[in-house]
Amino acid sequence: MIHHLPFSYRPLDHECDKATNSYLMSVIAVIAGLPFPIVNLIATFFFYYAHRNSTYFVRWHCTQALVSQFLLFFFNSYSFWWTIGVVLGKAELSNLYISYMLTIIIVNTIEFITTIYTAIQVRKGHHIEWWLCAPISHLICKV
């Protein structure tokens, strides 16, 4: 799921800080806006936008953090609106709903742990690539 890969150069401390902050932004946004999935995406997008002209290391990790939040946004939004439907009585509490919610909890927990791990490793100057987000990040982020 996660790959430690050598980077073409050793990033400086300020680059590691900025790249780490891109991951921490999504963690803080989860805590601040827990029930609303759009908060994570907006916070990560603004951090990406602010650092889009930084060094490649910073840009790439900001892009990977944004891609991961973008992918989670659809799953979390669906679970949010489905839960609203159940609470308002427009949808029924079914085994499918419970299964989906358990899956969402597992996926978000894995993403949360992976994000914290990646932030720690990136702060040390290691380049971490996520198996699904890295190929997309490579396509978006040019050298």
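1. Y48 is buried, since its relative accessible area is 18% and the cut-off for buried is under 20%. The model is a predicted one. Y48 sits in helix α2, which covers residues 37-50.

2. Beyond its neighbours within four places in sequence, Y48 is in contact with C62, T63, L66 and I140. Between Y48 and S22 there are 26 residues in sequence, while their C-alpha atoms lie 7.3 Å apart in space.

3. Helix α3 (residues 56-88) and helix α4 (residues 95-123) have axes that come within 11 Å and cross at roughly 160°. Angles over 145 degrees count as roughly antiparallel, so α3 is roughly antiparallel to α4. The crossing of the two helices is left-handed.

4. On the α3 side, the residues making this contact include F57, H61, L72, F75, W82 and V86. On the α4 side, among them are L96, Y100, M101, I104, V107 and E111. By class, the contact of α3 with α4 has 13 nonpolar, seven polar and one charged residues.

5. How many disulfides does a search of the whole structure find? The search finds zero. C62 is in no disulfide, and the nearest cysteine sulfur, that of C141, is 8.9 Å away. C62, one of the contacts of Y48, is buried, with a relative accessible area of 1%.

6. For C133, the closest cysteine sulfur is in C141, at 14 Å, which is too far for a bond because a disulfide needs the two sulfur atoms within 2.5 Å. C133 is buried, with a relative accessible area of 5%.

Note on methods:
Residues are numbered from 1 along each chain as its sequence is written. This is a predicted model: local features need pLDDT of at least 70, side-chain atom pairs count only at pLDDT 80 or more; totals for chains, interfaces and linings use all residues. Side-chain values use heavy atoms; hydrogens and water are left out. Axes are lines fitted to C-alpha atoms, for helices over the stretch in contact, and angles run from 0 to 180 degrees between N-to-C directions. Helices (H or I, at least four residues) and strands (E, at least two) are DSSP runs, numbered from the N terminus. Angles under 35 degrees count as roughly parallel, over 145 as roughly antiparallel, 65 to 115 as roughly perpendicular and the rest as oblique. A crossing is left-handed if the near helix is turned anticlockwise from the far one by less than a right angle, and right-handed if clockwise. Contact means heavy atoms within 4.5 Å. Ala, Val, Leu, Ile, Met, Phe, Trp, Tyr, Cys and Pro count as nonpolar, Asp, Glu, Lys and Arg as charged, and the others, Gly among them, as polar. Buried means under 20% relative accessible area, exposed over 50%, partly exposed in between (1.4 Å probe, protein chains only).
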